[in-house]
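Trainee: Could you take me closely through a single side chain and its surroundings, with the cut-offs spelled out?

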Amino acid sequence: MGRGSRIKICSVAVLLLLAPQTAFAEEWWKDSFATEGSSPCDNNDSRVTFTDKSVEMWEVGCTLDKVQKLKGLDAVVLDMTCSDDENSVEKRRALLLKLEDNKILRYPEYQVLQRCSELEAKKPNP
């Protein structure tokens, strides 16, 4: 086996090893959520939206400084710099853990959050 073939095989192996780890954490937590069982997300003060660069909550906006994936778990740790309407700035850290029923547990608030799309689907029809 030539050197070129070994390099190609190693490159593919590295991509296969890295792909599942990067894919799982970037999909499940990036969305809009509200407290489990609450009213639909429009005008819901428990609404929180997670993106790859920010976290938006009622009267608080945060910039993500670092996202750490926890190996072997569907969980991420978010290090954030947050500010509120009064312009106070603070560092925060949150753990998001994916639950089996497509909800997430947010710690240290110890809140179970449900996707806004699922809350909208359960909204009663008039």
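Mentor: The side chain of arginine 106 makes a polar contact with the side chain of glutamine 111 at 2.5 Å, where a polar contact is a pair of N or O atoms within 3.5 Å, one of which, within protein, must be able to donate a hydrogen and the other to accept it, and residues adjacent in sequence count only if both atoms are side-chain atoms. This is a predicted model, in which local features need pLDDT of at least 70 and side-chain atom pairs count only at pLDDT 80 or more, while totals for chains, interfaces and linings use all residues. Residues are numbered from 1 along each chain as its sequence is written, and side-chain values use heavy atoms, with hydrogens and water left out.

Arginine 106 lies in strand β7, residues 104-107, strands being DSSP runs of E with at least two residues, numbered from the N terminus. In the antiparallel pairing of β7 with β8, residues 111-115, there are three bridges, two strands counting as paired if DSSP finds at least two bridges between them, and arginine 106 stands opposite glutamine 111 in β8. Both strands belong to a closed barrel of eight, running from β1 through β8 in order with antiparallel pairing.

Arginine 106 counts as buried because its relative accessibility is 7%, buried meaning under 20% relative accessible area with a 1.4 Å probe and protein chains only. Not counting residues up to four places away in sequence, arginine 106 touches Val48, Phe50, Met57, Leu95, Leu96, Gln111 and Leu113, contact meaning heavy atoms within 4.5 Å. Phenylalanine 50, for its part, has contacts that include Trp29, Leu78, Leu96 and Arg106.

Key:
Helices (H or I, at least four residues) and strands (E, at least two) are DSSP runs, numbered from the N terminus. Buried means under 20% relative accessible area, exposed over 50%, partly exposed in between (1.4 Å probe, protein chains only).
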